[in-house]
Amino acid sequence: MKTKQEYPKSFSHIGLTVPNIKEAVKFYSEVMGWYIIMEPSVVKKETAIGLMCIDVFGEDWEEFEIAHLSTSDGIGVELFSFPQGIKEAPEFNPFNTGLFHFCIQDPNIEELVDEIVAYGGKQRMPIREYYPKDKPFKMCYVEDPFGIVFEVYTHSYELTYSSGAYAK
C-alpha cells in the first residue's frame, strides 16, 4: 500500500482579467516591476492553447489577448483581455465566496501606494501597522487602475503572522 506524502504545494500563478491588456502590462511592469515573460498576444481557437482554452472557457469566444508576467520570486501573473467581456470590475464584496484579493510585498509601502495612485489606481484605506510600536509590519488595501483589489505588505507572510495572535 502506498502512503500519501503530505507537503505544502507551491503557488504557481494567478490569472487576472483586465479591460486593456497593454495598459495592464504597462501598469504591472512599471509600477510593480514585474518581468514581462510574454508580450500581449492573440489566442485563437484553432491553436494548441486555443483548444485548451475551449476546455476552460467553453465555445463562446473567438479570440482574446493574453500576456504573462513574473514577480521577483517567480510567481506568474497571467493577464487576459476578452473583447466580449464586461470592462468594469465586479462590485467589491469580500463576504461572498470567491477570490477576495491577492497580496504583494514591498518594504517601501508608502512609495508604492503613492505610485499606484499616480498610475490611476486607488488607496482603499490608510496604511496600517499590525503591531504598532512592536514591529514594523505594515499593510494597505489598494486597487489597480482596472478596479482589481489587492493588498500590499511590507514583510513576508510568515514574519507578519508568526507573532501569533493580534492581541496579547
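This is a predicted model: local features need pLDDT of at least 70, side-chain atom pairs count only at pLDDT 80 or more; totals for chains, interfaces and linings use all residues.
A few ground rules. Residues are numbered from 1 along each chain as its sequence is written, and side-chain values use heavy atoms, without hydrogens and water. Since local features need pLDDT of at least 70, side-chain atom pairs count only at pLDDT 80 or more, and totals for chains, interfaces and linings use all residues.

**Exercise 1.** Work out in what order the four strands of the open sheet lie.

*Solution.* Start with the terms: strands are DSSP runs of E, at least two residues, and helices are runs of H or I, at least four, numbered from the N terminus. Two strands pair if DSSP finds at least two bridges between them. Next, read off the order, β1-β4-β3-β2, with mixed pairing. At the edges sit β1 (13-17) and β2 (35-44), each pairing on one side only. Finally, zoom in on β1 and β4 (residues 76-81): they run parallel, joined by five bridges. In one of these strands, β4, L79 is the bridge partner of L16.

**Exercise 2.** Find which strands helix α2 (residues 48-57) lies across.

*Solution.* Look for contact, meaning heavy atoms within 4.5 Å. That gives β2, β3 and β4. Now take the angle between axes, which are lines fitted to C-alpha atoms (for helices, over the stretch in contact), on a scale from 0 to 180 degrees between N-to-C directions. Helix α2 runs at about 80° to β2.

**Exercise 3.** Pick out the buried residues in α1.

*Solution.* Buried means under 20% relative accessible area, with a 1.4 Å probe and protein chains only. I21, A24, V25, F27, Y28 and S29 qualify. Then check their neighbours: the buried residues of α1 pack against β1, β2, β3, β4, β5 (102-105) and α3 (109-118).

Key. Buried means under 20% relative accessible area, exposed over 50%, partly exposed in between (1.4 Å probe, protein chains only).
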